[in-house]
Amino acid sequence: MNTTPPKIPMARLDRLLANLGYGSRREVGALVAKGQVLLDGAVVKDTGAKVPIVADLPDRMTIAGRPVDPPAPLTLIMHKPLGVVCSHREAGRSVYELLPARWRARMPALSSIGRLDKDTSGLLLITDDGPFLHRVISPRAHVAKRYVATLDRPLEGGEAALFAAGTLMLESETEPLAPAVLEPLGPNRARLTITEGRYHQVRRMFAAVGNHVTDLHRDRIGALDLPDDLQPGDWRILSPEEQAALFS
Ligand code: URA
C-alpha cells in the first residue's frame, strides 16, 4: 500500500496573490513590505515565500487583517436572479458583478458552467476548475438539468411523449434532441428535465410545440437542488459533497 501523503501544491506568494486579484506582483510586494500579509499568525517578509495552495488557506492567511480569498480550484453555487447575463462578453450586468470585485481579476478566471438566459433564474454554478466544468457539461456525462417553466398557453397533453421520444428536432438543427422528461405541474406550468445544454433549449422546445415560455427557473442540476436559503443574487462556495451530488 502506498502510504506517501499527497504532495501539497505550493506557489510563490507574489504569484498567488497576483492570481487572486490583489494587484500586480509589485503591488503585492508593497503589501508584504507593509507587513500586511500574515501566514499562520506570522508576518510574511519575503514576496517569494512558498505558500501552500490549500482550501483552508483563508483560515491561515490574512491580507490587511482579512482572510485571503479562497485559492483555485473554486466552485460557487449561485441563485441567479432575473435580468443578469452569464457571459463576460454580453452587454448588461453580469453574474460576475454579484461577486467581490477583486474576483474579476482572478487567474484562472471564473466562468459559469453552462449559461442561463438573462430572463431565466435559478441554480447556476461558477468555477475556475476547467476539468470540472467540462465534466459537468460533457454530453457523455448526461448530467440532468431541471427547469420549471410557466407557459403562455395550457399544455395540450402530447408534449411529454414527444419530448421523451428523442426525435424532436429544433429549428435550424441537424440532430434530434435527447429524450427529456416533462412533468405537468398545472395547466400552464411544467417541470422539464434535460440532459443537454443547447442554445435556449427549453424555450425552443416549447416553441416547437406551439407554446411560449413566460417564466423559466432552474431548480436542480444532477442531484443538487437550489438551496431554499439561497435568495436571488446570493451565492456561496460549493462543498465537495455538493460537487459529488452533481454526478449521482
Ligand atoms: N433553456 C433556455 O431556454 N434558457 C435557459 O436559460 C436555460 C435552458
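**Overall organisation and local features of the predicted chain**

In the protein chain, 63% of the contacts with a separation of 6 or more are between residues 24 or more positions apart, a contact being heavy atoms within 4.5 Å. The structure is a predicted model, in which local features need pLDDT of at least 70, side-chain atom pairs count only at pLDDT 80 or more, and totals for chains, interfaces and linings use all residues. Residues are numbered from 1 along each chain as its sequence is written, and side-chain values use heavy atoms, with hydrogens and water left out.

The secondary structure comprises seven helices and 15 strands; helices (H or I, at least four residues) and strands (E, at least two) are DSSP runs, numbered from the N terminus. The C-alpha trace spans about 70 × 50 × 35 Å along its principal axes. Of the 248 residues, 44% count as buried, where buried means under 20% relative accessible area, exposed over 50% and partly exposed in between (1.4 Å probe, protein chains only). The chain exposes about 13,400 Å², of which carbon and sulfur atoms supply 54%; accessible areas come from the Shrake-Rupley method with a 1.4 Å probe, and for residues only the protein chains shown count as cover.

Helix H2 covers residues 25-33, and its buried residues are Val28, Gly29, Leu31 and Val32. These residues cover an arc of only 160° around the axis, which puts them on the same side of H2; the arc is that of the directions from the helix axis to the C-beta atoms. An α-helix has 3.6 residues a turn, so residues three or four places apart point the same way. The buried residues of H2 pack against helix H1 (13-19), strand S2 (37-39) and strand S5 (61-63), whereas Arg26 and Ala33, on the other side of H2, are exposed. Just after H2, Gly35 adopts a positive phi of about 70°.

Strands S11 (residues 181-186) and S12 (residues 189-194) run antiparallel and are joined by five bridges; two strands pair if DSSP finds at least two bridges between them. The two strands form a hairpin with two residues between them, and Pro184 has Ala190 in S12 as its bridge partner.

The C-alpha atom of Ala190 is separated by 10.0 Å from that of Pro154, 36 residues away along the chain. Pro154 lies in the loop between strand S10 (145-151) and helix H5 (159-164) and is partly exposed, with a relative accessible area of 48%. Residues up to four places away in sequence aside, Pro154 touches Pro187, Asn188 and Asn211.
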